[in-house]
Amino acid sequence: MAGLNMNHISGNLVADPELTYTASGTAKLKGRVAFDQPGRASDGSFQQETGYANFVTFGKRAESLAKHLRKGTKVAVSGPVRQSRFQDKNTGRMRTGEEEIEIVDIDFNNRGPRPGTVPMADGTELLLAAN
């Protein structure tokens, strides 16, 4: 099924991102963002819940971001969701790994809410869905 695969998440880093290098020497930065998402309590009332999203980026962008991003940094990341695939060493079967947002755009300057978002009480943003 073909479709648009672009995600926008705004929240805070839950830990310092991890910078590693692939076998070919390419820099790879992985991190995790916590964000608010609306939910319902058992009585039907509205409540905030915390969601988490993994992100990844490669190359010079990865090396540059590794110098600036730290636990607690407020970020807004945008990009397609990718799911890694790998071959199981024991069975030889193809397996799927975790889902990650591959960063196309990132903002961590805390300049205030972006268009199409609503600021939340904890400083994160809720992305409004288009009708």
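Which residues form a nonpolar patch on the surface? L4, M6 and V104 do.

**Notes for all views.** This is a predicted model: local features need pLDDT of at least 70, side-chain atom pairs count only at pLDDT 80 or more, and totals for chains, interfaces and linings use all residues. Residues are numbered from 1 along each chain as its sequence is written, and side-chain values use heavy atoms, with hydrogens and water left out.

**View 1. The whole chain holds one helix and 10 strands.** Helices (H or I, at least four residues) and strands (E, at least two) are DSSP runs, numbered from the N terminus. Along the sequence, the pattern reads β-β-β-β-α-β-β-β-β-β-β. Of the 131 residues, 31% are buried. Buried means under 20% relative accessible area, exposed means over 50%, and partly exposed lies in between (1.4 Å probe, protein chains only). Take the contacts between residues at least 6 apart in sequence: 55% of them join residues at least 24 apart. A contact here means heavy atoms within 4.5 Å. The chain exposes about 8,700 Å², and carbon and sulfur atoms supply 50% of that area.

**View 2. L4, M6 and V104 make a nonpolar surface patch.** Together they have about 330 Å² of accessible area. Areas come from the Shrake-Rupley method with a 1.4 Å probe; for residues, only the protein chains shown count as cover. Patch residues have over 30% relative accessible area and no salt bridge; like charges are joined within 9 Å, and nonpolar side chains (Val, Leu, Ile, Met, Phe, Trp, Tyr) within 5 Å. Find M6 in the segment before β1 (7-13). M6 is partly exposed, at 38% relative accessible area.

**View 3. The largest pocket has a volume of about 150 Å³.** Its lining consists of K28, K30, V56, F58, R82, Q83, S84, E98, E100 and E102. The elements giving two or more residues to this lining are β3 (27-40), β4 (46-58), β6 (81-87) and β7 (94-102). On a 1 Å grid over the protein atoms alone, a pocket is an open set of points where a 1.4 Å probe fits, with protein on both sides within 12 Å along at least five of seven lines; lining residues have an atom within 4 Å of a point. Grid points are joined across faces, edges and corners, and the volume is the space filled by probe spheres set on the points.

**View 4. K30, E98 and E100 are linked in a network of salt bridges.** A salt bridge is a side-chain nitrogen of Lys or Arg within 4 Å of a carboxyl oxygen of Asp or Glu. K30 pairs with E98, their closest N and O atoms 3.3 Å apart. K30 lies in strand β3 and E98 in strand β7, so this pair ties together parts 68 residues apart in sequence. K30 also meets E100 in a salt bridge (3.3 Å, N to O). That pair links strand β3 to strand β7 as well, across 70 residues. E100 is buried, at 9%.

**View 5. R82 and E102 meet in a salt bridge (3.1 Å, N to O).** R82 sits in strand β6 and E102 in strand β7, so the pair ties together parts 20 residues apart in sequence. R82 counts as partly exposed, at 43% relative accessibility. E102 is partly exposed too, at 28%. A search of the whole structure finds four salt bridges.
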